[in-house]
Amino acid sequence: MELTIRQVAQMIDHTNLHAYATTDDFKKLCDEARTFGFKSVAINTYPVKICREFLKGSEVLTGAAVSFPLGQTTIQSKMDEVKNAIADGCQEFDYVMNVGKAKEHDYAYIRKEMEQLVALARRSEICCKVIFETCYLTESEIIQVAKIASEVKPDFIKTSTGFATAGATAENVRLMKQYCGPDVQVKAAGGIRSYEALKQMAEAGATRIGTSSGIKIIEEMKALGLK
């Protein structure tokens, strides 16, 4: 697989989720996303209104990370956080599922959580991505949650927050893609810092990439003579 610079840019959620990020950092993030034509900026929920204003008039989407990075909040609190982000102008959200409930194999809870958040996304006509945090899950647990997603149909299931013990692997992307069904896409995130790593994720089935290294990846492609 060989990708164009435009194709890669449109896969990238340009990310700054650091606790110490300032308004100047968000301005820089949004300016970079405009310049390089990234798909979205991925931020926590507080700066959504700020970034939506910075991105006014562009095609770059404003995304929000919900219950980030642990996922250990109630379904209601996740719903409330999404509602606040929508009111502030978010056009996508990535929520961290309750990983502990997946580890308990309480898949009824995982389904309930997913159903409620996906329903909210549908009512609001925005994109919903479910973060698995695959480094904490067994293969069987990944498969079970992907199967739930194949029925509930969020827009994406996502490998990782990038804040856990490990990030995306091509093997996990492939596994998620195998079981999530044709209506759900896969987002890879966590540790994707080169064009080669991005390409491996794309070949495994990822159609969106979360990374803070988007500019580095584009510059690497230019150095390779790719268009």
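The following paragraphs describe the overall architecture of a predicted protein model and then several of its strands, helices and loops.

The predicted model contains 10 helices and 8 strands. Its radius of gyration is 16 Å, close to the 17 Å given by the globule rule for 227 residues, so the protein is as compact as a globular protein of that length. Along the principal axes, the C-alpha atoms occupy a box of roughly 50 × 40 × 30 Å. Of the 227 residues, 54% are buried. Among contacts with a separation of 6 or more, 70% are made between residues 24 or more positions apart.

Strand 1, residues 12-15, pairs with two other strands. With strand 8 (residues 206-211) the pairing is parallel and extends over 3 bridges; here Ile-12 stands opposite Ile-209 of strand 8. Strand 1 is also joined to strand 2 (residues 40-44) by 3 bridges, again in the parallel sense, and Thr-15 has Ala-42 of strand 2 as its bridge partner. In a regular strand, side chains alternate between the two faces of the sheet. In strand 1, Ile-12 and His-14 point one way, whereas Asp-13 and Thr-15 point the other way, and all of these residues are buried.

Because 5 of the 5 residues of strand 5 are buried, the strand is largely enclosed by the rest of the structure.

Helix 9, residues 195-204, is likewise largely enclosed by the rest of the structure, because 7 of its 10 residues are buried. The buried positions are Tyr-195, Ala-197, Leu-198, Lys-199, Met-201, Ala-202 and Ala-204. These residues pack against helix 1 (5-9), strand 1, helix 8 (170-179), strand 7 (185-189), strand 8 and helix 10 (214-223). Helix 9 is followed by Gly-205, which has a positive phi near 125 degrees.

Thr-62 lies in strand 3 and is buried, with a relative accessible area of 0%. Beyond its neighbours within four places in sequence, Thr-62 contacts Val-41, Ile-43, Val-48, Cys-51, Arg-52, Leu-55, Gly-89, Cys-90, Gln-91 and Glu-92. Thr-73, by comparison, is located in the loop between strand 3 (61-66) and helix 4 (75-88). Its relative accessibility is 33%, so Thr-73 counts as partly exposed. When residues up to four places away in sequence are excluded, Thr-73 touches Ser-67, Lys-78 and Tyr-109. Thr-73 and Met-97 are separated by 24 residues in sequence, and their C-alpha atoms are 9.1 Å apart.

Several loops show backbone geometry of note. Most residues other than glycine have a negative phi, and most peptide bonds are trans. Phe-68 and Pro-69 are joined by a cis peptide bond, with omega at about 0 degrees; Pro-69 is placed in the loop between strand 3 and helix 4. His-105, in the loop between helix 5 (99-103) and helix 6 (107-124), has a positive phi near 65 degrees and is partly exposed, with a relative accessible area of 45%. A positive phi near 65 degrees is also found at Lys-153, which is located in the loop between helix 7 (139-152) and strand 6 (156-158). Lys-153 is partly exposed as well, with a relative accessible area of 34%.

Technical notes
Residues numbered from 1 in each chain as written. Predicted model: local features only at pLDDT ≥ 70, side-chain atom pairs only at ≥ 80, totals over all residues. Heavy atoms only, no water. Helix = DSSP H or I, 4+ residues; strand = E, 2+ residues; numbered from the N terminus. Rg over C-alpha atoms; globule rule 2.2 N^0.38 Å. Buried < 20%, exposed > 50% of the residue type's maximum accessible area, 1.4 Å probe, protein only. Contact = heavy atoms within 4.5 Å. Pairing = 2+ DSSP bridges.
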